[in-house]
Amino acid sequence: MRKVIERTRVVPNLHLLRVEAPDVVRKLEPGNFVIIKIDEVGERIPLTAADWDEETGIVSMVFMTVGASTHRLAQLQGGDEIEACVGPLGNSMEIDRYGTVVVAMGCYGIGAVFPVARAMKKAGNRVIGLMEARSENLLYWQDKYRECTDRLVLTTYGGSCDREGRVADVLESLIRDGEHIDRVVALGCTFMMMKTSETTRPHEIKTIVSLNPIMIDGTGMCGVCRCRVGGETKFACVDGPDFDGHEVDWEELTSRRRSYLVEEVRSLSEFETRTY
Ligand SMILES: Cc1cc2nc3c(=O)[nH]c(=O)nc-3n(C[C@H](O)[C@H](O)[C@H](O)COP(=O)(O)OP(=O)(O)OC[C@H]3O[C@@H](n4cnc5c(N)ncnc54)[C@H](O)[C@@H]3O)c2cc1C
Ligand code: FES
């Protein structure tokens with residue numbers, strides 16, 4: 001069993017979960033994920049490590065409430081125990097001194113990509129953070145990002161802050177304005193990562209995305225996280241989760257992510273009926 005230290009709402013629909021897992025924390029690197037299981041019969045929930053503290057052995061995750069399992073997760077309180085927090089899983093993100101690195105993020109990706117932004121800055125890169133949300137009140141961790149970026153641009157779909165539109169639109173305008181970009185890392189919903197990759201493709205800017213297909217074991221055994229990258233079949237859990245966004249078959253990924261949508265909607269509505 002693992003002890004939950006904290007579970008708080010960061011912004012509507014997004015929560016911070018801090019779990020005591022010193023053995024996991026000892027080996028965590030930027031880009032790794034963990035699998036959380038609430039209880040013996042609970043679903044396995046892959047979540048990216050958003051931060052960790054080696055002294056206390058606490059790992060932090062930011063998660064979005066989408067279906068039954070994440071809604072259950074959002075009911076946890078500090079002091080509760082969960083069945084499992086297993087990791088680190090997946091390969092760590094390639095960190096090097098590339099020059100100027102754009103970190104494009106949205107929804108849970110704002111939390112999830114934070115260790116990458118911090119490590120890119122530490123490696124000597126000039127880091128530009130592009131943060132998107134539907135509205136300004138859904139942007140979070142701006143202070144944390146101001147510490148590890150040279151420039152942070154906030155964009156909302158309605159244009160209530162620095163810019164209007166998605167991170168892909170901002171990226172396009174940065175490129176058009178002559179900003180030299182050596183690498184882009186994008187983390188957020190599938191659509192955002194796809195649009196970001198489409199934006200950089202004609203400019204041949206290497207773009208790394210962190211894929212989030214449905215997973216079960218997270219160790220390459222079940223094949224559920226199968227995706228097509230560069231015409232080859234890859235298992236996101238052991239070959240990724242980071243891949244070249246220009247090589248990803250986005251259509252297949254989107255369609256596979258919807259495989260159990262009917263069951264997921266039913267499961268969420270059963271959960272809501274049971275709870276309220
Ligand atoms: C490597 C990896 C890392 C990840 N890291 C993170 C992370 O850091 N933070 C995070 O939040 N997530 C992360 N995810 C995604 C996360 O694992 C899933 O969101 C989670 O497992 C969903 O579980 P669930 O049971 O709550 O939702 P599910 O029941 O599995 O539902 C998921 C899907 O169904 C759709 N859905 C569910 N109910 C409805 C409804 N009523 N109407 C319409 N659509 C509906 C949702 O849009 C979603 O696409 C990661 C995934 C992977 C593979
Ligand atoms: S989750 Fe089972 S093979 Fe990747």
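The legends below describe several views of a predicted model.

Residues are numbered from 1 along each chain as its sequence is written, while chains are lettered from A and ligands numbered from 1 in the order in which they are written. In this predicted model, local features need pLDDT of at least 70 and side-chain atom pairs count only at pLDDT 80 or more, whereas totals for chains, interfaces and linings use all residues.

**Figure 1. The overall fold of the protein.** The protein has ten helices and 17 strands; these are DSSP runs numbered from the N terminus, with helices (H or I) of at least four residues and strands (E) of at least two. Its radius of gyration, 18 Å, is close to the 19 Å that the globule rule gives for 276 residues, so the protein is as compact as a globular protein of that length. Here the radius is taken over C-alpha atoms, and the rule is 2.2 Å times the number of residues to the power 0.38. The C-alpha trace spans about 55 × 40 × 35 Å along its principal axes. Of the 276 residues, 43% are buried. A residue is buried if 20 or more other C-beta atoms lie within 10 Å of its own, exposed if 12 or fewer, and partly exposed in between, with C-beta atoms placed from the backbone.

**Figure 2. The shell around ligand 1.** Ligand 1 is surrounded by 28 residues, of which the closest are Gly67, Ser69, Thr70, Tyr108 and Glu264; a residue belongs here if its C-beta atom, placed from the backbone, lies within 6 Å. Elements giving two or more residues to this shell are β4 (44-48), β6 (58-64), α2 (68-73), α3 (108-112) and α10 (261-275). The largest share, five residues, comes from α10. By class, the shell has 18 nonpolar, seven polar and three charged residues. Ala, Val, Leu, Ile, Met, Phe, Trp, Tyr, Cys and Pro count as nonpolar, Asp, Glu, Lys and Arg as charged, and the others, Gly among them, as polar.

Figure 3. Domain 1 (2-89) and domain 2 (93-210) divide the protein, their bounds coming from an automatic or database domain assignment. Their contact takes 13 residues from domain 1 and 14 residues from domain 2; two residues are in contact if their C-beta atoms, placed from the backbone, lie within 7 Å. On the domain 1 side, β6 gives the most, with three residues. The largest nonpolar core has 76 residues, and Val34, Val59, Val103 and Leu130 have the most contacts inside it. Such a core is a set of buried Ala, Val, Leu, Ile, Met, Phe, Trp, Tyr and Cys residues joined through C-beta atoms within 7 Å.

**Figure 4. Two cis peptide bonds.** Most peptide bonds are trans. The bond from glycine 87 to proline 88 is cis, with omega near -5°, and proline 88 is in strand β8 (residues 84-89). Both Gly87 and Pro88 are among the residues that valine 34 touches. A cis bond also joins glycine 240 and proline 241, with omega about 10°; proline 241 is in the loop between α8 (236-239) and β17 (242-244).

**Figure 5. Two residues with positive phi.** Most residues other than glycine have a negative phi. Tryptophan 141 has a phi near 55° and is found in the loop between β10 (126-133) and α5 (142-148). With 20 C-beta neighbours inside 10 Å, tryptophan 141 counts as buried. Glutamate 204 has a positive phi of about 55°, in the loop between α7 (190-200) and β14 (206-210). Glutamate 204 is exposed, with 8 other C-beta atoms within 10 Å.

Definitions and conventions: Lists of a residue's contacts leave out its neighbours within four places in sequence.
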